[in-house]
Amino acid sequence: MIEINNITKIYDGQRAVDNVSFSVGKGEVVGLLGPNGAGKSTLMKILTCFIPPTEGEATICGHSIYDDPLAVRRQIGYLPEHNPLYLDMYVREFLQFAAGIYGIKSKDRVEEMIELVGLTPECNKRIGQLSKGYRQRVGLAQAMIHDPQVLILDEPTTGLDPNQLEEIRTVIKNAGKNKVVLLSTHIMQEVEAMCSRAIIINHGKLVSDDILGNITSQQLTEKFHKVTI
């Protein structure tokens with residue numbers, strides 16, 4: 001459902017993404033692993049139609065990022081690395097607003113998402129009063145509220161404490177049973193905890209792409225450290 005073919009993005013002569021190709025199918029939770037500055041966020045911004053590639057093509061659920069970007073966006077739930085939220089809004093108010101953008105009028109969906117991501121204890125607060133971890137939960141809830149076919153999550157576990165980590169990992173893994181999930185991280189343990197497959201990139205290049213069942217934790221560590229040296 002995600003098809004990436006020879007995607008390249010050049011900024012001021014530097015290749016942030018360099019001729020990257022891979023595909024992700026339904027039921028997969030795929031970790032995009034690499035050090036900071038590897039090109040992960042740039043690739044995700046291309047897939048979500050925030051920026052165009054310099055070269056190459058990508059499709060989401062059969063829709064081209066060039067020819068039908070609105071259809072692509074309808075299929076995607078996106079949590080950016082820097083989670084953009086309206087801090088003066090209350091949690092429930094914000095999620096109702098997000099639901100309204102997608103034409104969802106049922107308040108039941110908002111309550112379902114609040115419970116799913118563990119926001120119930122904080123749902124009557126302003127977003128600006130929340131900890132970073134709970135703000136991440138709000139961002140994840142808005143990304144999933146329209147039941148998208150594809151979830152693109154950029155560093156989704158940033159700022160979570162150990163208890164929150166386990167809960168959000170479970171939400172993401174469960175979502176991956178009937179959706180496509182592509183998440184980025186620079187932490188190998190996150191890939192091992194949530195993903196069925198690891199794609200490692202560095203300096204914009206695809207270094208490795210393998211199912212976790214075919215690669216040991218030590219081999220994954222070795223591959224990652226090779227790209228960070």
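E93 is partly exposed, with a relative accessible area of 36%. Its place is in helix α3. This is a predicted model.

- The C-alpha atoms of E93 and E112 are separated by 14 Å. Along the chain, these two residues are 19 residues apart.
- Helix α3, where E93 sits, spans residues 91-101 and is one of the elements that the buried residues of α5 pack against.

- Helix α5 covers residues 132-144, which is 13 residues.
- From its first C-alpha to its last, α5 reaches 19 Å. That is close to the 18 Å expected at 1.5 Å a residue.
- Of the 13 residues of α5, 11 are buried, so the helix is largely enclosed by the rest of the structure.
- The buried residues include G133, Y134, Q136 and R137. V138, G139, L140, A141, Q142, A143 and M144 are buried too.
- What do these buried residues pack against? Their partners are β6 (76-79), α3 (91-101), α4 (107-116), β7 (150-154) and α6 (162-175).

**How α5 meets α6**
- Two packed helices are described by the angle between their axes and the distance between the axes.
- For α5 and α6, the angle is about 10° and the axes are 11 Å apart. That makes α5 roughly parallel to α6.
- On the α5 side, the contact uses G133, Y134, R137, L140 and M144. On the α6 side, it uses Q164, E167, I168, V171 and A175.
- The residues of this contact divide into six nonpolar, two polar and two charged.
- An α-helix has 3.6 residues a turn, so residues three or four places apart point the same way.

**Strand β8 and its two partners**
- Strand β8 covers residues 180-185, and six of its six residues are buried.
- Both faces of β8 are covered. One side carries V180, L182 and S184, and the other carries V181, L183 and T185.
- In a regular strand the side chains alternate between the two faces of the sheet.
- Strand β3 (residues 29-33) runs parallel to β8, joined by five bridges. G31 stands opposite L183 in β8.
- β7 also runs parallel to β8, with five bridges between them. Here D154 has S184 in β8 as its bridge partner.

**The open sheet**
- Four strands form an open sheet with antiparallel pairing, in the order β2-β1-β4-β5.
- Which strands stand at the edges? They are β2 (14-24) and β5 (63-64). Each has a single partner strand, so one side of each is left without a neighbour in the sheet.
- Strand β1 (residues 2-11) is joined to β2 by seven bridges, and the two run antiparallel. I2 has V24 in β2 as its bridge partner.
- Helix α1 (residues 40-47) lies across β1, β2 and β4 (55-60). α1 runs at about 120° to β1.

**The β9-β10 hairpin**
- Strands β9 (residues 197-202) and β10 (residues 205-211) pair in the antiparallel sense over six bridges.
- The bridge partner of I201 is L206 in β10.
- Two residues lie between the strands of this hairpin. H203, in the turn, has a positive phi of about 50°.

Terms used: Residues numbered from 1 in each chain as written. Predicted model: local features only at pLDDT ≥ 70, side-chain atom pairs only at ≥ 80, totals over all residues. Heavy atoms only, no water. Expected span 1.5 Å × (residues − 1). Buried < 20%, exposed > 50% of the residue type's maximum accessible area, 1.4 Å probe, protein only. Contact = heavy atoms within 4.5 Å. Axes fitted to C-alpha atoms, helices over the stretch in contact; angles between N-to-C directions. Parallel < 35°, antiparallel > 145°, perpendicular 65-115°, else oblique. Nonpolar A, V, L, I, M, F, W, Y, C, P; charged D, E, K, R; others polar. Pairing = 2+ DSSP bridges.
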